[in-house]
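User: Could we go through the charged pairs in this protein together? I would like to begin with a single contact.

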Amino acid sequence: MLYANFKHAALVALLATLSPLALAQSAADTAAPEEQQGLLPLEELRTFTRVYDHIRNGYVEELSDAELLEYAIKGMIAELDPHSAYLDEKSFEDLQENTSGEFGGIGIEVGMEDGFVKVIAPIDDTPAQKAGIEPGDLIIRLDDQPVKGMSLNDAVEKMRGPKGSDLTVTVVREGIDQPFEVTLTRDIIKVKSVRVRVEDEHYAYIRIAQFQVNTGRDMIEALEKLRAEHDDIRGIVLDLRNNPGGVLQTSVEVADAFLDEGLVVYTEGRTENSDMRYYANEGEVAEDLPIVVLINDGSASASEIVAGALQDHGRAVVLGTRSFGKGSVQTVVPISETRAVKLTTALYYTPNGRSIQAQGIVPDVTVERARVTALRTGARSTEADLAGHLGNANGGEESNTRTRESEREARQSDIGDNQLDEAINMLKGLHIFQQRQKASLARRLPPLNEEDESEQPVAE
C-alpha cells in the first residue's frame with residue numbers, strides 16, 4: 001500500500017511537468033487499464049496539468065515548479081477538515097514548540113470558521129487570556145490585514161512575534177453588535193500545564209491548561225505531593241475548562257490515573273494502524289476520593305477524552321457546559337526533515353462507544369458561567385446584638401451584626417467562579433452524605449467482639 005501511494009505521488013509530479021499535448025497522448029495509451037483498476041482519475045489529472053501549465057506560463061509573476069507544487073499540496077489539504085494542515089518548516093517548528101510548552105505569541109488555541117480565525121480557548125496566564133479574549137470569538141483582522149483569505153498557518157504566523165511587540169486584533173463576539181479591537185503585547189508563552197492547590201481547606205483543585213508530553217506525570221506528582229502535605233483531602237476538582245487538548249497519549253495517562261481498569265478511549269480510521277484501543281492500568285492515585293470534572297465549550301480533544309472516560313466509568317461527575325466537540329485524531333507525518341503533514345486519520349470514541357465529533361461531552365450537571373453577586377437585605381439585629389443577651393450554651397463564639405457583615409464581605413470578595421463553587425459544594429454534599437451513611441451503619445451494627453449476655457457463664 002505504501003509503495004502504491006508513492007507511485008501515485010511520483011506520477012502526479014511527473015504529469016505536472018508534461019504539456020497538455022503530451023499528457024493527452026499518454027492518456028490515450030493508458031486510460032483504459034488505469035481507469036479499470038481505479039488507480040488514478042486521468043481526466044482530473046489532465047485538468048490539473050492544464051491549470052498548472054497555464055499558471056506556470058501565464059501568471060503575472062514567475063513562479064518556480066517547487067513553489068507551484070507546494071501551493072498545490074497546501075490547496076489539497078485546505079479542502080479537508082479544519083484540523084488537517086500542511087506544515088512547512090516554520091509551522092513544523094511551531095508545532096514542536098507547542099507540545100513542549102514554550103513559544104512566542106499572544107497565547108490562544110485557534111481554528112478556522114467561515115474563513116476567519118476562531119478562538120477555541122485562550123491559554124492560562126497569557127496576553128490573550130488577561131485581555132479577556134474568550135472561546136468562540138472570531139478574529140477578522142490582524143493589525144490592518146483582513147483574515148479572510150489567509151490560511152490558518154498564515155494567521156498563526158502573523159500572531160507570532162518577538163516579545164514586547166504589539167498586535168491589534170479585531171474581534172467579533174456573539175452578543176456584541178459591533179466588532180471591537182483589542183491590542184495585545186506579545187510575550188514568551190510558557191504554558192504551565194498543571195497547577196494544583198487546595199480549595200476550601202479540604203478539596204484538591206487540579207487545573208490542566210493543555211495536554212503536553214509530561215502532563216500525566218506532572219499531575220500525578222503534584223497530586224501526591226499535595227495529599228502528603230494535607231492529610232484531610234475530601235475530594236478533587238479536575239478543571240479542564242478552556243483546555244484545547246494536546247497529546248492523545250497524555251490524556252490517556254491522566255484518565256488512567258483516576259481509573260483502576262477498563263477502556264479509556266478507542267479510535268477508528270480507514271487504515272489498520274488507525275484502529276487503536278487504550279486501557280487503564282491497575283491502580284489509582286485517588287481511589288478513595290470523589291471527583292468533579294469541569295468542562296465548557298473551550299474544552300476540546302484530549303480534554304473530552306478524559307471527561308468522557310471518567311463519565312462513562314462513573315468515576316466522576318461532569319459539571320459545566322457542553323464541550324467543543326473535536327472528536328478526531330491528527331497524525332503528524334514527516335515528509336522531509338523540515339516539513340510534515342498533519343492529517344486527520346481517525347475518530348475517537350468514549351468507552352461506551354460515543355462519538356464526540358461535532359457533538360461534544362454533555363455534562364451531568366449543567367452550570368453556565370455567570371457573574372454572581374450577593375443580595376443585600378439591609379442590616380438586621382441578631383440575638384447577639386441585644387443588651388443583656390445570654391451567652392452561647394456551649395461557649396461558642398457569638399455572631400452579631402458586625403461579624404456577619406465582615407463574613408459577608410469576605411464571601412463576596414471570593415465570588416467570581418460560580419462553576420468552581422458549584423463543584424466544591426457538590427463535593428461537600430457527597431462528603432456529608434458519606435459521613436452520615438457511615439454513622440448510620442455504625443449505629444445499626446453491634447460493637448465488635450461484643451458477646452451475647454445469654455451465653456455468659458452464671459455462677460451458682
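User: Which residue forms a salt bridge with Arg207?

Analyst: This is a predicted model. In the model, Arg207 forms a salt bridge with Asp239, and their closest N and O atoms are 3.6 Å apart.

User: Where do Asp239 and Arg207 lie?

Analyst: Asp239 belongs to strand β12 (residues 235-239) and Arg207 to strand β11 (residues 203-208), so the pair ties together parts that are 32 residues apart in sequence.

User: And is Asp239 buried or exposed?

Analyst: Asp239 is buried, and Arg207 is buried as well.

User: Which residues are joined with them into one network?

Analyst: Salt bridges that share partners join Arg207 and Asp239 with Asp124, Asp125, Arg195, Arg241, Arg369 and Asp417.

User: How many salt bridges are there in the whole structure?

Analyst: The search finds 22. One of the salt bridges is between Glu70 and Arg339, at 3.5 Å from N to O. Glu70 is in helix α4 (residues 65-78), while Arg339 is in the loop between β17 and β18, 269 residues away in the chain.

User: Why does Arg339 count as partly exposed?

Analyst: Arg339 has a relative accessible area of 26%, and partly exposed covers values between the 20% limit for buried and the 50% limit for exposed.

User: Changing topic, how do strands β17 and β18 run?

Analyst: Strands β17 (residues 328-334) and β18 (residues 340-349) run antiparallel and are joined by seven bridges. The two strands form a hairpin with five residues between them. Pro334 stands opposite Ala340 of β18.

Notes
Residues are numbered from 1 along each chain as its sequence is written. This is a predicted model: local features need pLDDT of at least 70, side-chain atom pairs count only at pLDDT 80 or more; totals for chains, interfaces and linings use all residues. Side-chain values use heavy atoms; hydrogens and water are left out. Two strands pair if DSSP finds at least two bridges between them. Helices (H or I, at least four residues) and strands (E, at least two) are DSSP runs, numbered from the N terminus. A salt bridge is a side-chain nitrogen of Lys or Arg within 4 Å of a carboxyl oxygen of Asp or Glu. Buried means under 20% relative accessible area, exposed over 50%, partly exposed in between (1.4 Å probe, protein chains only).
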